[in-house]
Amino acid sequence: MYIHGHFYNEQNECIEVHIVTRNDRTRELEIGAEGSGINWTDAPVEIESQVSDTFDVLLKYQASVRLLVKNFIPDLFCASCRDAIINIYREGECLFAGFIEPQAYSQPYNEEEDEIELSCIDVLTALQYSKYRNVGMAGVTYAAVKAAAKQRSFYAIINEVLADMTSGLDILGGHDTALHYAGSMAVDIMPARRYDIFSRLAVNELLFLGDEEDNVWTTEDVLTELLKYLSLHIIQTGFSFHVFSWESVKRNEAITWKDLIGGQTVTVPHRQVDITTANVVGTDTTINVGEVYNRLQLTCKVEKMDSLVESPLEESALRSYFIARQKYMTELVSWGTGNRALDGF
């Protein structure tokens, strides 16, 4: 089913929502159309960050779409992660591209129009639902994948993971997946090698496959470990992914991003965003600022040692090293006299 519609927010911006379930567009349903039985609520769409602190490697986003429906819509219930794809646009720009969270749909049935809420996850969040190289899916066996395992570059692994998850993600078409890198980490200071660190580092796939099928890593764990090794983070914006370090984006200077897939570069100037009525909606007079800095506390426990030289009569030392023989003495010898003996000891 293809479900789509648009509305205007308080800033008079056009917000579009497009949903395709099970890759089937034979039946079309327009939100808000007369006789469709589906309409918007007072708060139709909300996109929020799922980042807990600056140590998160995958900077995830989640969206909520709230609708009023007259009839039960079974197509919105998803058994697996990729059953339903959703794109959210603002003024023609894609803000969110992901999936409806599997096995999370529920709908009441006690009113003429019941309110439902679709919990949606982005690509980075959806990585937790798939195994590395799709082990366990139809036609992919653990034995075959392990037999073909080899040394692969970081770029080959990351590109394969993102290409697999973004296949068919663009509902309207005309958008290519981009992997932008800020050049935060490099193998040397040569400008020509600033962006090729992922191609110059490699890892053996056997690390992710484990000893048996139950131990195969999820694609989320694989991507997290590869980027954590380089102290990098990744975030999704529409159909684009950006890889960076906090140190490279907090400087008061422009950032040159390179698309590792397409090869294009784009320079984004540093800017400050002033909080005004143009980017704030509501009448609440309270501003909440979350935690920005993190404090690490290291506690050292100091223990006193009574004796430096072990006594030969200690119970732990009274054990037999050979059959029918008993250790009876531990001897320490330092040749020489005076300070020479002391230094030798």
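**Sheets, helices and ring pairs**

Q: Which residue in the turn of the E7 and E8 hairpin has a positive phi?
A: Strands (E, at least two residues) and helices (H or I, at least four) are DSSP runs, numbered from the N terminus. E7 and E8 form a hairpin with two residues between them. The turn residue with a positive phi, about 50°, is Glu 91.

Q: Which pLDDT is needed for side-chain atom pairs to count in this predicted model?
A: Residues are numbered from 1 along each chain as its sequence is written, and side-chain values use heavy atoms, with hydrogens and water left out. The model is predicted: totals for chains, interfaces and linings use all residues, local features need pLDDT of at least 70, and side-chain atom pairs count only at pLDDT 80 or more.

Q: How many bridges join E7 to strand E8?
A: Two strands pair if DSSP finds at least two bridges between them. E7 and E8 (residues 93-100) run antiparallel. Ile 86 stands opposite Gly 98 in E8. The number of bridges is six.

Q: Which residue in E7 stands opposite Ile 19?
A: E7 also pairs with strand E2 (residues 14-21). Seven bridges join E2 to E7, and the run is antiparallel. Opposite Ile 19 stands Ile 86.

Q: Why is strand E7 largely enclosed by the rest of the structure?
A: Buried means under 20% relative accessible area, exposed over 50%, and partly exposed in between (1.4 Å probe, protein chains only). E7 spans residues 84-90. The strand is largely enclosed because the number of its seven residues that are buried is six.

Q: Which strands stand at the edges of the eight-stranded sheet?
A: This open sheet has mixed pairing and the order E3-E1-E2-E7-E8-E9-E6-E4. An edge strand here pairs on one side only. The edge strands are E3 (28-30) and E4 (38-49).

Q: Which residue in E9 is the bridge partner of Val 65?
A: Strands E6 (residues 61-69) and E9 (residues 114-122) run antiparallel. Eight bridges join them. The partner of Val 65 is Leu 118.

Q: Which residue in E14 is the bridge partner of Leu 179?
A: E11 (residues 178-181) and E14 (residues 240-244) run parallel. Four bridges join them. The partner of Leu 179 is Phe 241.

Q: What angle lies between the ring planes of Phe 154 and Tyr 229?
A: Rings of Phe, Tyr and Trp (its six-membered ring) pair if their centres lie within 6.5 Å; planes under 30 degrees apart count as stacked, over 60 as edge-to-face and the rest as tilted. The whole structure holds seven aromatic pairs. Phe 154 and Tyr 229 form an edge-to-face pair, 6.2 Å centre to centre. The angle between the planes is 70°.

Q: How many residues apart in sequence are the parts tied together by Phe 154 and Tyr 229?
A: Phe 154 is buried, at 6% relative accessibility, whereas Tyr 229 is exposed, at 59%. Phe 154 lies in helix H3 (residues 154-166) and Tyr 229 in helix H6 (residues 219-229), so the pair ties together parts whose separation in residues is 75.

Q: What arc do the buried residues of H3 cover around the axis?
A: Phe 154, Ile 157, Ile 158, Val 161, Leu 162, Met 165 and Thr 166 are the buried residues of H3. They sit on the same side of H3 because their arc is only 145°. The arc is taken from the directions from the helix axis to the C-beta atoms. Its value is 145°.

Q: Which residue sits over the face of Tyr 2?
A: A charge sits over a ring if NZ of Lys or CZ of Arg is within 6 Å of the ring centre and within 35 degrees of the ring normal. Here the distance from the ring centre is 5.3 Å. The residue is Arg 25.

Q: Is Asn 134 buried or exposed?
A: Asn 134 lies in the loop between H1 and H2. Its phi is positive, near 60°. Its relative accessible area is 17%, so Asn 134 is buried.
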